[in-house]
Amino acid sequence: MSPARAPGPAAGAPSRPLGAVLAEGRALVLDGGLSNQLEAQGCDLSDALWSARLLADGPEQIGAAHAAYVRAGAQVLITASYQAGFEGFARRGIGRAEAAGLFARSVELARRAAGAVERDVWVAASVGPYGAVTADGAEYRGRYGLTVRELERFHRPRIEALAAAGPDALALETVPDMDEAEALLRVAGECGLPVWLSYTVAGGRTRAGQPLDEAFALAAGCGQVIAAGVNCCDPADADAAVRTAAEATGKPVVVYPNSGERWDAAAGCWAGGATFDPGRAAAWREAGARLVGGCCRVGPATIAELATALGGGGGTGAGGEGGAGG
């Protein structure tokens, strides 16, 4: 495993803050699923660290995946830190200082890809839920048996390490329940960076079963939150969730659902057809969405279609697509 090192000079920050652009009502294109693009590039992600392993073992692959989404027209890149945690790195023999360097590398790799084009591309540092780091599917259940304070203690070192690397925002994403949202917002409030809060939902509720209007209300009075919404959900569930997020928070909405395929754990494969339709983006934007992209199994080709549907992005090609993962 190679030591953590910078991938090269990082490009400068975009010309304007992300929150200011969203507040003006402009809709921006997010990237798609990172792991499916990495697998399309031939990467093996059969590891508890998932795509975060490549921060140490294959940073050039992460850079290539980010670049594919930039070419497709993405205007916001999400870093490869979703499943990264000091505890998980420690199990791989990576010490705390080196792990902090890997968190920083995740931001640097995205910034470098963003700087390869002559347009603004923002970088959001991914802060995945506790369940993502345990790598046992708990992010789709929530209710870990931990208190809000325990969750705060878990997330604080991760958020501090990512914030120190200077992203444009923190993506508090795939959050399954309100307790974890509360913990994440408290800790993120200590770093001063703008954030978006994105729940994973099913059937109009959080994965833990809480009403979405109550879940989104946590972000309503928080000035640091520049957008609230949903990700890693069925595209059909996103329709009502976008409206609920806009009504409950009064803020711009972020939405990036999965392809619509279903993971069959028994068979070890994806089942069903993709139902993600870039044509939905117009209705999402009308309902208040200002950050629109894709999550698991949504690749650069679909993001290119989405950029066209939203009338922005400036992409020059779709890049690769395919593979499993989110």
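This is a predicted model: local features need pLDDT of at least 70, side-chain atom pairs count only at pLDDT 80 or more; totals for chains, interfaces and linings use all residues.
**Exercise 1. Determine the handedness of the crossing of helix 4 and helix 13, and characterise their packing.**

Solution. The crossing of helix 4 and helix 13 is right-handed.

Step 1: the axes. Helix 4 spans residues 59-72 and helix 13 spans residues 300-310; their axes come within 8 Å and cross at roughly 30°.

Step 2: the orientation. Angles under 35 degrees count as roughly parallel. Helix 4 is therefore roughly parallel to helix 13.

Step 3: the residues. Helix 4 contributes Ala68, Tyr69 and Ala72 to the contact, while helix 13 contributes Pro300, Ile303, Ala304 and Ala307.

Step 4: the classes. The contact of helix 4 with helix 13 consists of 7 nonpolar residues, with no polar and no charged ones.

**Exercise 2. Describe the orientation of helix 9 and helix 10 and the make-up of their contact.**

Solution. 

Step 1: the axes. Helix 9 covers residues 178-188 and helix 10 covers residues 212-220; their axes come within 10 Å and cross at roughly 5°.

Step 2: the orientation. This angle means that helix 9 is roughly parallel to helix 10.

Step 3: the residues. From helix 9, Met178, Ala181, Glu182 and Leu185 meet Glu214, Ala215 and Leu218 of helix 10.

Step 4: the classes. In the contact of helix 9 with helix 10 there are 5 nonpolar and 2 charged residues, and no polar ones.

**Exercise 3. Decide whether Val21 and Leu102 are buried or exposed, and locate each of them.**

Solution. 

Step 1: Val21. This residue lies in helix 1 (residues 18-23). Buried means under 20% relative accessible area. Val21 has a relative accessible area of 1%, so Val21 is buried.

Step 2: the surroundings of Val21. Leaving aside residues up to four places away in sequence, Val21 touches Arg16, Arg26, Leu28 and Trp122. The C-alpha atoms of Val21 and Ile226 are 10.0 Å apart, although 205 residues separate the two in sequence.

Step 3: Leu102. Helix 6 contains Leu102. Leu102 counts as buried because its relative accessibility is 0%. Between the C-alpha atoms of Leu102 and Ala80 the separation is 9.8 Å, with the two residues 22 apart along the chain.

**Exercise 4. Summarise the protein as a whole: its secondary structure elements, burial, contacts and accessible surface.**

Solution. 

Step 1: the elements. There are 13 helices and 12 strands in the protein.

Step 2: burial. The protein has 326 residues, and 55% of them count as buried.

Step 3: contacts. Taking the contacts between residues at least 6 apart in sequence, 77% join residues at least 24 apart.

Step 4: the surface. The accessible surface of the protein is about 11,800 Å², and carbon and sulfur atoms account for 49% of this surface.

Note on methods: Residues are numbered from 1 along each chain as its sequence is written. Side-chain values use heavy atoms; hydrogens and water are left out. Axes are lines fitted to C-alpha atoms, for helices over the stretch in contact, and angles run from 0 to 180 degrees between N-to-C directions. Helices (H or I, at least four residues) and strands (E, at least two) are DSSP runs, numbered from the N terminus. Angles under 35 degrees count as roughly parallel, over 145 as roughly antiparallel, 65 to 115 as roughly perpendicular and the rest as oblique. Contact means heavy atoms within 4.5 Å. Ala, Val, Leu, Ile, Met, Phe, Trp, Tyr, Cys and Pro count as nonpolar, Asp, Glu, Lys and Arg as charged, and the others, Gly among them, as polar. Buried means under 20% relative accessible area, exposed over 50%, partly exposed in between (1.4 Å probe, protein chains only). Accessible areas come from the Shrake-Rupley method with a 1.4 Å probe; for residues, only the protein chains shown count as cover. A crossing is left-handed if the near helix is turned anticlockwise from the far one by less than a right angle, and right-handed if clockwise.
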